[in-house]
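Visitor: Please show me the structure, and let us then discuss it by question and answer.

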Amino acid sequence: MTIGFSSRAVRSACVLCVAGLLTLMPAAAAARAGRPDPAPPGGPPTAEQTSPLHRSGTQVRLRHGVPGVPDVSALSWVVADAGTGDVLAAHDAHRALPPASTLKTLFALAVLPALPGGLRHEVSAEDLAGIGPGSSLVGVVEGGTYRVSDLWNGVFLNSGNDAVHVLASLAGGWSATAARMQAEARALGARDTHVRSPDGYDAPGQVSSAYDLAVFGMAGLRRPDFARYCSRVDAAFPGGNGTTYGIMNTNRLLTGADGVEPYPGLIGVKNGYTSNAGNTLIAAARRDGRTLVVTVMNPQEGGGHAVYEEARSLLDWGFGAAGRVEPVGSLADGGSPARQGPQAAPAAAAVARPSEDGPGWPDTGAILGVAALGAGVTALGLRLRLVRDDGN
């Protein structure tokens, strides 16, 4: 291992050490910021479970003169106001379905705050171990040195599972990252999501819902780094011998690729596909000062581009109906009020970057962080090469 120290490098190393330690206490993070677990089987239903969003079928409260929601074939979908959290309409919002790469939005919410974008890392074989066959890749190679910001471009634009594996390794490892994501989901009030593979690759028991994905999209748009990555159309990615090559966002509703018309005002967020999940999409657009987030899971008709066209029709309806329908629920239900708004940050981020994300160190984080800093360095494997870099 080689470490070149600078003030920026030292700060980065401390952030990473504490981030690794935080993976040991995801349950505590969820308990501090999340909502209570739902009632056990056989017990009385919670208030949220009696809301329209927990009913099957399409839920919408139309006022006079408002057109009905479009007829789409997706197994589950949600249309929500990303500013207020109001759900304008939904269909089987809490149905448990495999999310494919839309789960990378939760990965970003959990891991982005812990890894400085300018940090450089030389990729090892261990970093790339376990990538599932048929995975989407951005082209990360063993022995290559990448900035964290390059890897995030690979995650958001190319849906690169190789980039996810490297970032997860930096954040404490695959299992620890899954636990961190699970805690983040609970802290956001997303209780349908069960994380088994942080990159969204199909795994037994891994599910989410249109509701939870909308929560992740709304939360991401309120974080400047997430919003910047998810709206990026293209970027240069490092190749060999100091070269770069271009990568383009695979969200065709954003780019207009492959014959899909780009949606006016689209600002992200993330698409996904596996043979088990089908096509999935979180899409956000802004018009006349209003931002809507739409999630579409597994259209049953229309081929591979149907997910974009069904999202388009739902966005069109939502912009026409916003302010003219009664909400059927809220993406903020059960979430801690302290986590709402553009300055919200996960519990882990409050410890990882106290000067930016909070007034000070939480008591538990301070005790664990100071007492076990050396252990955190060891847990990260001493595999980082830190150099001064003023990048993203």
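Guide: This is a predicted model. In it, Trp152 is buried, and Tyr229 is likewise buried.

Visitor: How many aromatic pairs does a search of the whole structure find, and what kind of pair do Trp152 and Tyr229 form?

Guide: The search of the whole structure finds 7 aromatic pairs. For Trp152 and Tyr229, the ring centres are 6.5 Å apart and the planes lie at 40° to each other. Planes under 30 degrees apart would count as stacked and those over 60 as edge-to-face, so the remaining class applies. The pair of Trp152 and Tyr229 is therefore tilted.

Visitor: How many residues apart are Trp152 and Tyr229?

Guide: Trp152 belongs to helix α4 (residues 148-156), whereas Tyr229 belongs to helix α8 (residues 224-230). Their pair links distant parts of the chain, the separation being 77 residues.

Visitor: Which residues form one aromatic cluster with Trp152 and Tyr229?

Guide: Both Trp152 and Tyr229 belong to one aromatic cluster.

Visitor: Is α3 parallel, perpendicular or oblique to α7?

Guide: The axes of helix α3 (residues 104-111) and helix α7 (residues 210-221) come within 9 Å and cross at roughly 45°. Because of that angle, α3 is oblique to α7.

Technical notes
Residues numbered from 1 in each chain as written. Predicted model: local features only at pLDDT ≥ 70, side-chain atom pairs only at ≥ 80, totals over all residues. Heavy atoms only, no water. Axes fitted to C-alpha atoms, helices over the stretch in contact; angles between N-to-C directions. Helix = DSSP H or I, 4+ residues; strand = E, 2+ residues; numbered from the N terminus. Parallel < 35°, antiparallel > 145°, perpendicular 65-115°, else oblique. Phe/Tyr/Trp six-rings, centres within 6.5 Å; stacked < 30°, edge-to-face > 60°. Buried < 20%, exposed > 50% of the residue type's maximum accessible area, 1.4 Å probe, protein only.
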